[in-house]
Amino acid sequence: MKNKAYLILIVMTLGISTLTSCEDILTDAPADEEILDGPVEGLTSSEMLEFLEGDVAFNEEVFTTETGLGPLFVSTSCVSCHAGDGKGHPFTTLTRFGQTDATGNQFMHLGAPQLQNRALPGYLPEQIPAGATSAKFMPPANTGLGFLAALTDAQILANADPNDNNGDGISGVPNYITPPAFFLPKWFHQEINGKYIGRYGKKAAAIDLLHQTVNAYNQDMGITSSFSPIDTYSGLEIDPEVSNKTVNSVVFYLRTLKAPKRRNQNDAEVQAGEALFSNLKCAECHKPQWTTPNSDIASLSNKTFYPYTDLLLHDMGSGLNDGYTEGTALTSEWRTPPLWGIGLAKKSQGGQYFLLHDGRARSIEEAILMHGGEANSSKNAYQQLTSGEKQKLIKFIESL
Amino acid sequence: MHKTFTFNYPKMKSLYITVLILFFNFSVLAQVDSTKVVTTQKDTTKLALNMDAVYARPFLKLGKLPISIGGYVEANTSYFATDGVTEGMSFQMPRMTLFVSSTIRNRIKFLSEIEFEEGGKEINIEFASLDVELHPLFNLRGGIIMNPIGSFNQNHDGPKWEFIDRPISSTTIIPSTWSNVGFGFFGKYAKNNLVWAYEGYFSNGFDDTIISNTENRTWLPASKENKERFEESFNGVPLITAKTALKHRKIGEFGISWMGGVYNKFQEDGIQIDKKRRVDLFALDFNTVLPKLKTYINTEWVWAYIDVPDTYTQQFGSKQKGGFIDIVQPILKRDVLGWQNSTLNLAFRMEYTDYNVGTFKETNENIHDDVMAITPGISFRPSSQTVFRMNYRYIWETDIFGNDPSKTAGIQFGFSTYF
């Protein structure tokens, strides 16, 4: 009789365990608007497979001595600098040096433009050569890059005002970049004297995502590819350490990462902050809305999106002039960084903010107050706001 | 030419596996009469220590053959989700292990343990040592030894544990099961309620993959991938492991151990290519049974110190620490379904592992890269040699920056048994 009872007890325990919905005791997925990773909506099955392939290469592949890391490098993997596809951390900040004007980098023979500040055991990392100026660059979020990539040069140029013809104190110029040999212009690129408009990077020095990705493999991790076969340590051409397929998959992944979703969009204070953002003329550079033309990826075609950037260079004043530049930008000029996803920056920066190009601003307010040059009048207008208004403005920015 | 300090047993491994397979085939073909198979007695004096685990197993002895055999198997199913994403249910047979022990002559014994992992994907000789007893306080041991660091590495048999997963720190800081070719000595002294023991070994050891691996963190288990360590030392410097343990019959067993050596290749063809870089592990372990409640408590804590070059990346930590505590409470002990003295236990494990103890040079703030986990469970033992266990596991994994932890949770059900 006792045995029967035990048997029933065991069967019931197993039965209950099996029947209990596993989902009830497992972990919940974070809300879609609280994370930056994930694909754009509407990808086809084959596009989704390519996205996943790029996802693995970007978020899981770690380079080692055996797979080509270094010998000089900044980081061992893509994800080391872009946790959760978000902004980086001072630990992964990279340093560039050697160029002060549009005539080009005078320190290329000494390892410029990028400082490889880490090295495999037995090797010595690079040092900034005497006489070279430098700037630190915080890794950006990868959010919605494909939407920016889909825009035409004509759309970007439509917002440029190099001579400030409208007299608003804001100019906005593109950075014209000499393309690498592997660059293949698309129908929407416009060549000007052999150069093309840069879109990516703090100084807008990368023309497209292939350009950006190939440079990151080579300059950040010391990984050569057939696109960029020169080893940063020896200066010699060596066999590719990453395949074209992997590079292309990563580019596809970056193109098809979703745009961040707004949070608290209907909050009255957020809406009031949005109005202040416009009134203070922040939106003159941080241009809210764009619409893509036709794209080879249907999910990116004819989409309206909200990156809060004009992809142009602006003079940000002496406070943000580090004495280093790229392409045709002045040392005080920086590309307007997209603000979308800024409210989620803390989630990849260890629960705190490291904002502006090198992470020097520890809060959104600090970042605003460090604006100068063309943004001086907006900053002054911000300082005139009441503390309540400032809070609303910041709340709006955090909702992006 | 630099001569390395090397223990060479390359042919022994393949020969040994062949002999063992032939032996088992022969046993099956011979239609063994199970009535002639007897189970050898385990040490029931309560004076067995963790270091005795390799012999404190049930062995089967066939007739008058001087060989005893045994083994254990583990199998389980699990259903896990990480941040809401699940790969569904999966079934695993993480390992099946065979041991063979032989008394060659008085005071000369040989014992081996061969493990088939993940359905035979990997076959490892985890232990294959010749023990020569010269005096209870001084025994020689040579062959493939299990480095006595902490307690789990030596005492890892699945049927002894109420948890399906092995402790995180014991497998990722101490790379259990960590065995190497080497030799050394051990001894034991017992008086009244006390027993004291020591062990010391020289063996092959780690290599530089511990700071160059796809885990993107200092990862001592990476050296387990280097099967060459069973044939030659990576750098010619022996890994030294030493442990001492003291047990009081009524209080419990306390162990302290150290394992250290050089992990990198500092010279090649006589040319110095780097300085000697050390890896050192210190471990404490303790286990006891509370007298009235019969609660079993088992804990281990380890610290690892790794000489990572300053010019390398801080992604790879120079200090690690971690440990676990298991609490097992028998709640029922009686005959169940005809199994005498069956036991039903409640079990709970807490564990923490920090892979990168230190602060960022850039911000002077704490480097994270840590894991915390809890595992409540229930186990049923129809005998001490067999355990059916069900675990619920919740793991918080924080990245190097200290961002919100990734959360993994799941349930596991499985069994492990000696045979």
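**Briefing on chains A and B**

A:D85 sits in the loop between α3 (78-81) and β2 of chain A, where helices (H or I, at least four residues) and strands (E, at least two) are DSSP runs numbered from the N terminus. This is a predicted model, in which local features need pLDDT of at least 70, side-chain atom pairs count only at pLDDT 80 or more, and totals for chains, interfaces and linings use all residues. Residues are numbered from 1 along each chain as its sequence is written, while chains are lettered from A and ligands numbered from 1 in the order in which they are written.

**Backbone features in loops**

- A:D85 has a positive phi of about 65 degrees, although A:D85 is not a glycine.
- A:D85 is buried, with 26 other C-beta atoms within 10 Å; a residue is buried if 20 or more other C-beta atoms lie within 10 Å of its own, exposed if 12 or fewer, and partly exposed in between, with C-beta atoms placed from the backbone.
- B:N192, also not a glycine, has a positive phi of about 50 degrees and is found in the loop between β8 and β9 (194-203) of chain B.
- B:N192 counts as exposed, having 7 C-beta neighbours inside 10 Å.
- The peptide bond joining A:G70 and A:P71 is cis, with omega about 15 degrees, and A:P71 is placed in the loop between α2 (45-59) and β1 (72-73) of chain A.
- A cis peptide bond also runs from B:S176 to B:T177, with omega near -5 degrees; B:T177 lies in the loop between α2 (168-172) and β8 (179-191) of chain B.

**Overall build of chain A**

- Chain A has 11 helices and 11 strands, and its C-alpha atoms fill a box of roughly 95 × 60 × 40 Å along the principal axes.
- Buried residues make up 48% of the 400 residues in chain A.
- Of the contacts in chain A with a separation of 6 or more, 66% are between residues 24 or more positions apart; two residues are in contact if their C-beta atoms, placed from the backbone, lie within 7 Å.

**Sheet in chain A**

- Three strands form an open sheet in the order β3-β2-β5 of chain A, with antiparallel pairing; two strands pair if DSSP finds at least two bridges between them.
- β3 (114-115) and β5 (134-137) of chain A stand at the edges with a single partner strand each, so one side of each has no neighbour in the sheet.
- Strand β2 (residues 94-97) of chain A is joined to β5(A) by four bridges, and the two run antiparallel; A:F97 has A:S134 in β5(A) as its bridge partner.

**Contact with chain B**

- In chain A, 32 residues are in contact with 39 residues of chain B.
- α1 (2-19) and β4 (118-119) of chain A each supply at least two residues of the side that touches chain B, and α1(A) gives the most, with four residues.
- That side of chain A has 15 nonpolar, 14 polar and three charged residues; Ala, Val, Leu, Ile, Met, Phe, Trp, Tyr, Cys and Pro count as nonpolar, Asp, Glu, Lys and Arg as charged, and the others, Gly among them, as polar.
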